[in-house]
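Hi everyone, thanks for making time for this. Please bring up the sequence and the structure on your screens, and I'll walk you through a few places worth a look.

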Amino acid sequence: MDYNRIIMFCDYGLDDAIATLHILRHADKFGKIDVVPIGGNVGVQTAYRNAHTLLAAAGADKNKVRIVDTRAVKQPSDNIPDVHGTDGIGDVLEHKTSELTVIDFAEFCSELKSEAQPSRDCVLSLGPCTVPNMLGYTPFCTVLMGGTVKEEPNCGKYEFNEAMDVAAFKSYAKTATAVATLDTCHDKKFGFDRFVMGDPIADKLIARYKSMCISRNAPVAVYDYVAALAVTNPELFDAERIRRADGVEFNDLKYR
């Protein structure tokens, strides 16, 4: 076991779903897995439903995996059906409610204050940084997906996760261990055109994600998976400290 706990912020999101399945496939690295559905690619109500659907389909271990409910928390969101399907996770899974323990976000924050192990905990932030910022917690490892350095942004002046809450991204990214940017994720060495995980559910979602990318002439890059991979296999990456012209500063991940 590498970590006591991983806290995953997911705005489900096809690529969030694929990243979650990657973490579940490496569950032996974590004592606890806390999945925190948030608003972003979809509204928080839909993200919460999708977390249940995905974790039920994956048979997540109810002794290790929990869902943290943030539906009462005010947070930004959008709806992008041409990227993630009408339900946010590609319209390929039957919606179900999992049997996992659900804990309220406020209760979770209180619990973390008493149980935190900063030297052995990890945060994986795969959506807007609004809610992760509210956690007020800096563990041993924080990896987030968002931002761009050289690539053209995909949401106005920013990458989507950054655009949803620019101030939160700037604050959270500055102290993060590493940031998987658009530049990181578009590295051709990942071979996303041939990418499979060998898991029936994951590969169904990957195939759907690829087809949706191709249908809108977008590059096939499973963004959130890259950030998840950086947590489970940090030896595959380097990180370069950068400061953008707009003053945003972070450790930019580079695939070796």
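Let's begin in the loop between helix 3 and strand 4 (101–104), where you will find D91. Keep in mind that this is a predicted model. The phi of D91 is near 60 degrees, a positive value in a residue other than glycine. Why point that out? Because most residues other than glycine have a negative phi. Is D91 buried or exposed, or something in between? Its relative accessibility is 36%, so D91 counts as partly exposed.

There is another residue of this kind, N217, which is not a glycine and yet has a positive phi of about 60 degrees. Look for N217 in the loop between helix 9 and helix 10. With 74% relative accessibility, N217 counts as exposed.

The peptide bond joining Y12 and G13 is cis, with omega at about -10 degrees. Most peptide bonds, by contrast, are trans. G13 belongs to the loop between strand 1 and helix 1.

That brings us to helix 1 itself. Helix 1 covers residues 14–25, and at 1.5 Å a residue its 12 residues should span 16 Å; the end C-alpha atoms are 17 Å apart, which agrees. How many of the 12 residues of helix 1 are buried? The count is 11, so helix 1 is largely enclosed by the rest of the structure.

Now over to strand 5, residues 121–125. Here 5 of 5 residues are buried. Both faces of strand 5 are covered, with D121, V123 and S125 on one side and C122 and L124 on the other. Which strands sit beside it? Strand 1 (residues 3–10) runs parallel to strand 5, and 5 bridges join them. In that pairing, I7 has V123 as its bridge partner. Strand 6 also runs parallel to strand 5, joined to it by 4 bridges, and S125 stands opposite L144 in strand 6. To get from strand 5 to strand 6, the chain passes through helix 5 (residues 130–135), and this β-α-β crossover is right-handed.

How much space lies in the largest pocket? About 430 Å³. It has 23 lining residues, and those closest to its centre are V83, N154, F160, R216 and Y223. Helix 3 (81–84), helix 6 (160–164), helix 9 (200–215) and helix 10 (223–232) each supply at least two residues of that lining. By type, the lining of the largest pocket holds 13 nonpolar, 5 polar and 5 charged residues.

The second largest pocket has a volume of about 160 Å³. Its lining includes Y3, F140, C141, T177, F237 and D238. Strand 6 (141–145) and strand 8 (237–243) each give at least two residues to this lining, and strand 8 has the largest share, with 3. What is the make-up of the lining here? It divides into 10 nonpolar residues, 1 polar and 1 charged.

Conventions:
Residues numbered from 1 in each chain as written. Predicted model: local features only at pLDDT ≥ 70, side-chain atom pairs only at ≥ 80, totals over all residues. Heavy atoms only, no water. 1 Å grid on protein atoms, 1.4 Å probe; cavity = no way out; pocket = protein on both sides within 12 Å on 5 of 7 lines; lining within 4 Å. Points joined across faces, edges and corners; volume = space filled by probe spheres on them. Nonpolar A, V, L, I, M, F, W, Y, C, P; charged D, E, K, R; others polar. Buried < 20%, exposed > 50% of the residue type's maximum accessible area, 1.4 Å probe, protein only. Pairing = 2+ DSSP bridges. Right-handed = clockwise from strand over helix to strand, strands pointing away. Expected span 1.5 Å × (residues − 1).
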